[in-house]
Amino acid sequence: MLGFVYHLYVLVSVVLCNPIHYNYTLKDFNNNPAVKKLQEYITIDSSRVENIELVVDFWKRQAADVGLSFAVYRPAVLPVCVLTLIGRQPDLPSIMLNHHGDVVPAYHSMWKYPPYSAHIDENGDLYGRGAQDTKSVGIQYIEAVRRLIKNNVTLERTLHLTVMPDEEYGGSKGIKAFILTDVFKSLNIGFALDEGFTSEDDVMLASYQDKRPVQVRFNIIGQGGHGSSLVNGSAIEKVQYLLNTALEFRKEQLKIRDAATKLDYGSYTTINVNMIEGGIAPNVIPKNISVVMDIRLATSVNAADVQAMLVSWLSNLGDDSTMEFIRLDERSPATAVDSTNPFWIAMKDTLNNRGITVTPVVLPATSDMLVLREKFSIPAIGFAPRNNMKNKIHDANEYIPVSNFLKGIDIYYDLIQKLANLSQNS
């Protein structure tokens with residue numbers, strides 16, 4: 001009898017104290033309701049603004065299915081969805097679980113499978129635009145909450161699952177407009193989770209600060225003429241100067257990056273020329289060429305200095321050329337990732353208890369959390385339970401291993417409980 005009790009004790013200890021490991025099969029994947037929801041979500045081509053209403057319909061159905069209240073707000077035309085689970089103490093500052101429903105366009109011909117097919121291959125990898133950025137996170141949230149409700153888990157704090165419509169285009173019609181409303185203030189957000197960064201090894205990453213975006217368009221004017229002539233001061237000559245100058249700056253930043261530690265994304269500035277447009281006919285020298293650059297600033301860099309550098313580049317393009325900022329965020333405050341932030345400690349402890357190492361990093365890109373931190377000093381962490389996989393955000397063949405996706409639901413199940421049940425003094 002004592003031997004039986006001992007073995008039972010060992011079994012219970014193993015189950016309670018160690019992360020659960022699953023051996024999934026392709027049949028399991030194809031029959032799993034959470035996987036089917038992710039596939040359905042990915043099949044919505046939300047790179048097209050006219051399809052954002054399909055995202056609203058999708059989340060309205062999810063809210064009804066799980067039993068959450070649902071509301072949609074349009075502070076600047078585009079819809080912001082809010083799904084809410086009221087906590088036992090609704091006066092406590094709430095938890096915001098944010099993701100964006102829009103995605104970037106895809107080069108269809110460069111994908112293994114159509115980017116909105118949500119195809120699962122023989123390795124159990126689900127391909128589709130949004131598989132990493134960030135539709136998988138949205139489904140993991142709702143499935144974790146579904147399980148909490150099913151298991152009658154009491155949460156002290158209210159949860160708000162928010163779906164933003166235009167994060168990929170700067171959030172001006174989404175979160176930037178929404179946070180100025182009385183509705184947002186009434187949500188009483190005390191802490192927010194949002195999209196994180198994919199890790200290619202065992203460690204998971206948590207972003208506490210975003211790089212500041214500077215997206216700029218140069219409209220370059222030059223001498224035109226017949227395609228058979230050799231004119232001086234053509235627009236393309238000026239474009240060549242601009243590209244050479246930008247690439248020299250990029251080389252300097254590559255040196256800084258290569259000298260930094262692996263995850264020190266905040267130590268260097270990135271610059272990429274992402275769009276070049278111009279020309280009206282094969283035999284006409286273009287008078288106007290547009291060049292768009294995407295710059296993400298190192299945390300130590302003064303935004304005014306970068307603006308001055310860009311103005312100096314413009315001055316060499318001729319008096320008729322102009323420059324306009326598509327996006328410019330000069331400040332990006334950091335959320336504390338130490339003992340002064342109980343939400344961070346709760347996150348770290350929860351993940352460590354599952355045998356997961358989490359490392360705080362500066363997000364190489366920019367998320368909606370920059371706005372929350374900058375405007376209201378709301379503590380916000382970017383986190384996605386994606387590790388041991390290739391980072392394919394905005395790339396062709398974006399994917400997520402289905403086993404990784406399902407285990408992420410388990411992680412959020414633990415994490416949401418811990419965050420929503422922090423004491424009032426937190």
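**A sheet, its helix and some rings**

Biologist: What is the strand order in the open sheet of 4 strands?

Modeller: The order is β10-β12-β8-β13, with antiparallel pairing. Strands are DSSP runs (E, at least two residues), numbered from the N terminus, and two of them pair if DSSP finds at least two bridges between them. This is a predicted model, where local features need pLDDT of at least 70, side-chain atom pairs count only at pLDDT 80 or more, and totals for chains, interfaces and linings use all residues. Residues are numbered from 1 along each chain, and side-chain values use heavy atoms, without hydrogens and water.

Biologist: Which strands stand at the edges?

Modeller: β10 (270-278) and β13 (322-328). Each has a single partner strand, so one side of each lacks a neighbour in the sheet.

Biologist: And over how many bridges do β8 and β12 pair?

Modeller: Over 10 bridges, in the antiparallel sense. β8 covers residues 212-221 and β12 covers 288-297. I220 stands opposite I289 in β12.

Biologist: Switching to rings. How many aromatic pairs are there?

Modeller: The structure holds 13 (ring centres of Phe, Tyr or Trp, its six-membered ring, within 6.5 Å; planes under 30 degrees apart are stacked, over 60 edge-to-face, the rest tilted). Y73 and F178 are stacked, 5.9 Å centre to centre, with 25° between the planes. They sit 105 residues apart in the chain.

Biologist: Is F178 buried or exposed?

Modeller: F178 is buried, at 1% relative accessible area. Y73 is partly exposed, at 28%. Buried means under 20%, exposed over 50%, partly exposed in between (1.4 Å probe, protein chains only).

Biologist: Which residues form a cluster with them?

Modeller: Ring pairs link Y73 and F178 with F184 and F376.
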